[in-house]
Each structure stands twice: as structure tokens, then as C-alpha cells.
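Student: I would like to learn how to read the main features of a model like this one. Could we take them in turn?

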Amino acid sequence: MSAPFAPHLYVPPAEDRPDAADPDVTVVVPTYREAENLPELIARLAAAADRADLTWEAVVVDDDSGDGTEELCAELAQSLPVRLIVRRSERGLATAALRGLSEGRGAVLAVMDADLSHPPEALPALVAAVTGADGRGGADFAIGSRYVPGGEVDAGWGRFRQWNSKVATRLARGLTTAADPLAGFFALRRETFAACGPLDPVGYKIGLELLVKSGARTVMEVPITFRDRTRGSSKLTLGQQFAYLRHLSKLYAFNATRAAA
């Protein structure tokens, strides 16, 4: 995927340089004004990968936040495999995720939110689900799921927010049987991403876009506890909810065209 600008690049530590072996997993983290959450997120990712003996890199794709994210990533990159891409003239979580996925070097590609709502400690289980290291053969797509046994949402979620999530999930039921297809925490193999149909997401639900366009036959869901953010502000707006409806329409049309072919 091309972009009309050059990203800011920092000199990464030795293990993250292009001449080093590709890591086991690339974790793409789209950001917009999330600098206060990144240190904890990266520290927890490093600890989780360490415990699972995974090599990793984090690709932070920032939409020109101007909140210190660039300086922070430069500092983190001195000791950890963190890369930063700054997008100056493009906005949106879905396209940011695609940019990071397209530049990821890991055998497995994962996406997660920067606001600590997704537990970094679940990353090894997602990687194992798609590589088959969990003994179940390897899935085409793995989801950090709120809605399978063992998964849950933060007690701070109000009834309206829970109802809203459930309705949105039910609207996607004709596209997939996954219990939590709208999750923003997911993983797939790099070759699965490369083989996706034309990607044209609308709004935030990039996981659903990839789930449908990859034609994933096997989907595994790893239970997680989804936490409400404690720092920063939510980017979910009424406009994003209308964008989701437009996205659904496009995906149903894509499925219908594929089925007729």
C-alpha cells in the first residue's frame, strides 16, 4: 500500500534491523494521541513475548498526534524492537492498521488497540492459535474474544454500551459465525494477509474486513477480558457507527459477488 508521504523512521535496535531474522510476530498498534498509554503497552508486550520465547516487533502507526508519540517511540526504540510510522495526510484506524500490516516483517501479524483495552498477555495465545503451536492445527484467523467462554468485558461498561456491541455483532452474523467478529485484537499469518481480496475498509472494523476478505475457513477465538480505557479519550463517535453500517453493506455486497462468481 503506497502513501503520498515519507514516514518518520527511527534507527531501531540491532535485533530489529532489516538484516536481522524476521521476528515471530509483528504487533501493529494504530495510534492517535495515545502517548500516555504506549510505555505500559510496550513493556507488557515485551514481557509477554519474553515469557513465551517469541521474537517480536511493534509497529506503531501514528496519525500525526503531536502529543509526544514520536519522541517516545524514538526513546523506546533504543532498547526495544519498536518502529514508528507517522502518517501526515491520512487518518483512520483501519487504514493505519493496513499500513502497519503491509510493513510488518513477522511470520504472524497481529493488531491491537493502544489504549490497554486488549491484554498484551494474550498475544502468545493468538500467535499459537494461527501457527498451530497450541496443538490444534493452526487457524487462518485468531481473535481475542470477549464473547466466548472465559471472555468478558470490563464491569465499567454500561448497559447501553453492551447492548450497542451486541447489536453490532448480530448485524455481522451473516458474514461470519465468529462470536466476536468486531474485535480489534486479532492475528493472522503474513501469507494470509497477502492473499486477501481487495481491501477497502470503512471506519474502525479492520478485523471484520480482513476476516471476510481473507476467506478464512478456520477461526479460533482466545478468551480475553476487555478493559475500559483509564487514560485518554475514546475515538468512537456516532459518525463511526454510521460508517460501520456502510462497511457492513460493502462486505455483504462483496460476499454476494464472490458467491456468484
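The dialogue below goes from the whole chain to single side chains.

Tutor: Keep in mind that this is a predicted model. Begin with the secondary structure: the protein has eight helices and nine strands.

Student: What share of the 261 residues counts as buried?

Tutor: The share is 51%. The accessible surface is about 12000 Å², and carbon and sulfur atoms make up 54% of that area. For the contacts, take those with a separation of 6 or more: 79% of them join residues 24 or more positions apart.

Student: How should I read a nonpolar core?

Tutor: In soluble globular proteins, nonpolar side chains tend to be buried together. Here the largest such core holds 38 residues, and Val25, Leu41, Leu45 and Trp56 have the most contacts inside it.

Student: Which helices and strands each supply at least two residues of this core?

Tutor: The helices are H1 (38-51), H2 (69-76) and H4 (123-131), and the strands are S1 (25-31), S2 (56-62), S3 (82-86), S4 (108-111) and S8 (219-223). H1 gives the most, with six residues. There is also a second, separate core of 22 residues, with Ala96, Ala178, Leu188 and Leu211 among them.

Student: What is Val25 in contact with, leaving aside its neighbours within four places in sequence?

Tutor: Val25 is in contact with Thr55, Trp56, Glu57, Gly106, Val108, Ala110, Leu123 and Val127.

Student: How do I describe a pair of aromatic rings?

Tutor: A pair of aromatic rings is described by the distance of the centres and the angle of the planes. This structure holds one aromatic pair. The ring centres of Phe141 and Phe186 are 5.4 Å apart and the planes are at 15 degrees, so the pair is stacked.

Student: Where in the chain do Phe141 and Phe186 lie?

Tutor: Phe141 is in strand S5 (residues 141-145) and Phe186 is in strand S7 (residues 186-189); the pair is 45 residues apart and links distant parts of the chain. Both residues are buried.

Student: Which charged side chains lie over the face of a ring?

Tutor: Arg146 lies over the face of Phe226, at 5.5 Å from the ring centre. Lys213 lies over the face of Phe254, with 4.8 Å to the ring centre.

Student: Is Lys213 buried or exposed?

Tutor: Lys213 has a relative accessible area of 8%, and the cut-off for buried is under 20%, so Lys213 is buried. Lys213 is in helix H7, which spans residues 206-213 and is mostly covered, with eight of its eight residues buried. These include Glu209 as well as Lys213. After H7 comes Gly215, with a positive phi near 65 degrees.

Student: What does the side chain of Lys213 reach?

Tutor: It reaches the backbone oxygen of Pro198 at 2.6 Å. The side chains of Lys213 and Glu209 are joined by a polar contact of 2.7 Å. Not counting residues up to four places away in sequence, Lys213 touches Cys196, Gly197, Pro198, Leu199, Asp200, Leu251, Phe254 and Arg258.

Student: Which side chain makes a polar contact with the side chain of Thr95?

Tutor: That of Arg87, at 3.0 Å. Thr95 is found in helix H3 (residues 93-103). Leaving aside neighbours within four places in sequence, Thr95 is in contact with Arg87 and Glu90.

How values were computed. Residues numbered from 1 in each chain as written. Predicted model: local features only at pLDDT ≥ 70, side-chain atom pairs only at ≥ 80, totals over all residues. Heavy atoms only, no water. Helix = DSSP H or I, 4+ residues; strand = E, 2+ residues; numbered from the N terminus. Polar contact = N/O pair within 3.5 Å; in protein donor to acceptor, adjacent residues only side chain to side chain. Contact = heavy atoms within 4.5 Å. Core = buried A, V, L, I, M, F, W, Y, C linked by side-chain atoms within 4.5 Å. Buried < 20%, exposed > 50% of the residue type's maximum accessible area, 1.4 Å probe, protein only. Phe/Tyr/Trp six-rings, centres within 6.5 Å; stacked < 30°, edge-to-face > 60°. Lys NZ or Arg CZ within 6 Å of the ring centre and 35° of its normal. Areas by Shrake-Rupley, 256 points an atom, 1.4 Å probe, with all protein chains shown as cover.
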